[in-house]
Amino acid sequence: MRKAQKRQIEEFTTLLKQAHKEIKRCIETHNTAAAMDLLAQCQEGAVRTGELIEKTEGEDCPAIRLVENYCELVYQIYEELNRGEDGKANNVHKRLHRMLIQVENSIRNDIKVRFEMVFLPYKASMWDSLESVWQAADADPSCDAYVVPIPYYDRNPDGSLGTYHYEGNDLPSYVPTVHYDKYSFEDRKPDAVFIHTPYDNANYVTSIDPRFYSGQLKKHTECLVYIPYYATAGGMSEAQAQCPAYYNADYIIIQAPKYCNFFDQSVPREKLIPLGSPKFDRVIRMCEDPPKPPEEWEEKSAGKKVYFYNTSLQGMLGDTEAFLKKMEYVFRCFRGRDEACLLWRPHPLLESTFRSMRPMYKPIYDALRDEFVNEGAGIYDDTPDIETAIAHSDAYIGDAGTSVTSLFGVAGKPLFILNNYINTPPGEEDWRGEAVNPVFDIWGDDRYQITKNNQLWFSENNDYHYKFYMDLGTGYSSGGYYIKAVEIRDKIYVLPGNAQDFLIIQDKKIRKINLPYKTTQAGAFWSYWYNEKYIFLLPNQYPWLVRIDTITEKISYVDGINQFNVRNVEGERRVGGVCPYGNELVFASPEDDHFLFLDMDTLEGRGLTNGSKCGLGTQGIVPEGDNLWLLPLNGTVLTCWNPKTGEAREYGDLPEGFRSVQWPHNLECEERPFGAMVFSEENGTENIVISPSWGNMYLTLDRETGKMEEWETPLPFQSRGRNGYFTAGGMGGFVVGYSECGKANYRIWYAPERKLYDVNINTKEYREIPIEFDLDELKSHEPGFMEESEWMQYCLNEGAFNSLGDFLDGSVTGNQFDRDRQIKAFSKINANTEGVCGENVYQFVREKTGNLA
C-alpha cells in the first residue's frame, strides 16, 4: 500500500474515534436519531476502507476480516437503537472502541507501506548520477522505483525551444523505463522524485520539457531530490552556486561537507546532504570489474595503453580558437604511436553548444572530428556510458574544469591536465615562458620572486639572477597561492593570492598568520600595496580589505572595499584601479566615475566622483602630484583629475589605427586600451608616454593640445606571445617604481618574450636586463605528479618540462605517478569512497519520506 493510501486509512480511523465519542454523547442525551445517523456514516466509511485495503493488499489481508467484524458490530448497535432498546452509552462506546483498536493494530502491523520513487533522467550520458540510487530503490521489496526519461530541447540562438530529443531508448538495457506520457504525477503523487538538472528555464544551451521544471514536480511530491549531474575534483563553478531547482528541492545531495560553502547563502543549509556522488559509485565498481568493450574498441586498443581524451564545454567556450588548435595538436601527438590508443570522448553537449554559441567555429570542429573518425585515428566515443570508457582507459588527458577528472581521480588513474594554449612541442627556451613571470616591486626591490609552484626564489644582488630559496609549504603544485614576497626591516612578508593567510619568514623559518576563512574560487586577493608601516591586501573574492601593521602585527579588516572595487559588470568580474594619494589609498569603481579614498591610518573613507562624461569604470590610476590620471576600463578617453580642486580634463584624440583587441578572443573592442603612464621633463620639455593594455601601440600625449600620437618603440613589439608557453594578454608595458617617476629612464616589461628592458623614453636608447634562472635547478624543483590545488586534488600539469610527448613516453620530470597517493588525495572530495553512496542516499530519502507518513 502506498504511504498516502495508508495515511488516508489512518486518518479515517481517527475520524471513527471522534464519531464514537459523539455517538456516546447522543445516546446520553437520548438523541437516538443522531446516533443512528453517525453509525450509518461509520458503516459506509468502513466499507470504503475495506474496499481500498482489498484493492491494494488483496482479500487475504487480516485487516479486511476485522473491518468486516467492525461493520457487523456497527450494524448490531444500529438495530438495537432502532428497536428502542435502552443502550448504555458507555457500553456502546467500549464495544466500538475495542473493535476499532483491533482494526488499527492490524492496519499498523499487517499492512506494509510501499514507497514509490521516480527517477527523471534527461540525457542518457548523465544517468550515472542517478543509477546507484535507483538500484538501491529497485532492490528494496517495499519500494516501487520508476525510471521516467524526460525529453529536452536544444535552444535556438534566440532562446526558443528548438530540436526535440528523447534518450529513453539509450539507457542501459537493464533499466526498465516508463514513457513520460504514461506516468501521471498528478494521479500517482510519488513519495520522492529524483532529478539531475537544476536549471529549469535558466540553461542557454538546452532545456528540459517545461512540464518537468522543478516547480511543477514539487506540486506532486513531498520529497524532491536534486543530485548533481556532475562530479567535481575540488571546487564548483560560480554558475552552480544558485540554480532554480535549489529552491524547490527538499534535498540536494553533495559530494562532501566542504561543498556546502560553495552554494549561495540563500540556499538553506539543511537542504545540503553530504553523502558523496552516485557517479563515483559506478566508476569505482566498473573499474574493479570492467565490462566487455565494444568489438571496435578491442581491435583498436589491443596491446596498447589507452588515453581518454576529454574535450569540455568550459575549455571550448574559454577560447574557442585555442581549443581547436589544441585538438589538432593532440591528434598530431598520437599519430604514429603504435603503443598508444587515443579514446576521444567529446562532451555530450559540445556539438549543440557549438551550434548555439560558437556557430562560426563549428565547420572547423566538424572537419577535425570527421578526419579523426575517417582516418581511424583512435576510438571515437559518443556512447551514453562514460564509465565504460573510463574502465577501459589507462590515463586521462584533457581540461581541468570538468567532472570527468574526479571520476578518474577516485578510480586511481593518472590525470594529465592539458594547457589549451600549448599546441607545439617545447623548444629549447620555452621553459622561460613559464618560469620568467616576475611581479615587480613598487619600491624597486625585486630580490624575491614566487614561481608558479609556490616556491620562493632569491636574487641576492637584486640583479634578476635567481636561486632557489625555499618552498612555501602550501603542499600544492599550482601557483597563485602567494603573489609577492616583500622585505620590511628584517622580515620577509609573503602575501596571498588564493591563500587566506600570509607568511612571515625569518632565517628561513616560516610563521603563518591565518585570516578568517571564507570560501572563494577566483582568488581571495587580486593584489597588494605596502609601505614601511602597512601592508594592504586588496580583496578579490575575500569579503574585506586586510591591513597588516608591520610594527605591531595587528590585523585590521575593512568592509565595503570588495563590493566597491570588484564588481560583476555585464557578466564579467572587473577590478578597478588602486593607487596611493598622500596618506590615502584611492579605490576606483570598475563601472562608473566613483572613487573611494581610504585613510591608511584611521581606515576612514570618503567618496568622490570626478564628473567625467566618460566615467565607465577605471582600470588604472596613475598619481602625478595632486593629479590622478585615470585609465579607463571602457572607452578610449583618458582623464586627468585633481581631486582637491575637482578639475578634470579628458583626452581622447587617438591616432588613426589605434585599436583595442580583447584577450583571449582577439575581438576588436573599446576596453582596457591603456596600461600605464610615465612622465619625463628635461630642459623644459615634457614627454608623456602611455603603454597599452589591450591597445596595439604605445602613445605620446601632448598635455596642452590633447593630441596623442604613436610612440615608436625601440623594439619591434607585438601583442601576443610567440607560442603557448609564452601566453600574453598584451604587449606588457612600463614597470613604474616610485624612484623612477619623472625621470627619463624606465623599465619596460615585454610580456610576449618575457624580457625586461631599460629604456630612455626621450632618446629611445635601451638595454636588456637579463632575468636568469638555472635550468637544472628549475628542473630539480619541478613538482611532477602531486596535489595540485584545493580545486584539483592530484595530477600532472602540461608544461615545458612535462609535455604531452613526455607523458606518452613515460618521461616525467618531478614526482612519478603514485596511485595510492592519488586515491588518498581524492578522498577529500568524496564523502563515500566505498562505492555505496546510492544506498546511503536511498536510505536517507526513505527515512525522510517514511517520517512524513
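Trainee: Which residues do ring pairs link into a cluster?

Mentor: This is a predicted model, in which local features need pLDDT of at least 70 and side-chain atom pairs count only at pLDDT 80 or more, whereas totals for chains, interfaces and linings use all residues. Residues are numbered from 1 along each chain as its sequence is written, and side-chain values use heavy atoms, with hydrogens and water left out. Rings of Phe, Tyr and Trp (its six-membered ring) pair if their centres lie within 6.5 Å; planes under 30 degrees apart count as stacked, over 60 as edge-to-face and the rest as tilted. The cluster linked by ring pairs consists of Tyr-307, Phe-334, Phe-416, Phe-785, Tyr-794, Phe-807 and Phe-817.

Trainee: What is the angle between the planes of Phe-308 and Phe-408?

Mentor: Phe-308 belongs to strand 10 (residues 305-311) and Phe-408 to helix 16 (residues 404-411), so the pair links parts of the chain 100 residues apart; helices (H or I, at least four residues) and strands (E, at least two) are DSSP runs, numbered from the N terminus. Both Phe-308 and Phe-408 are buried, where buried means under 20% relative accessible area, exposed over 50% and partly exposed in between (1.4 Å probe, protein chains only). Their rings lie 5.1 Å apart, centre to centre, in an edge-to-face pair with an angle between the planes of 65 degrees.

Trainee: Over which ring does the charged end of Arg-672 sit?

Mentor: A charge sits over a ring if NZ of Lys or CZ of Arg is within 6 Å of the ring centre and within 35 degrees of the ring normal. For Arg-672, the distance to the ring centre is 4.8 Å, and the ring is that of Trp-694.

Trainee: Are helix 1 and helix 4 roughly parallel or roughly antiparallel?

Mentor: Helix 1 (residues 3-28) and helix 4 (residues 89-110) pack with their axes 9 Å apart, at an angle of about 175 degrees. Axes are lines fitted to C-alpha atoms, for helices over the stretch in contact (heavy atoms within 4.5 Å), and angles run from 0 to 180 degrees between N-to-C directions. Angles under 35 degrees count as roughly parallel, over 145 as roughly antiparallel, 65 to 115 as roughly perpendicular and the rest as oblique. Helix 1 and helix 4 are therefore roughly antiparallel.
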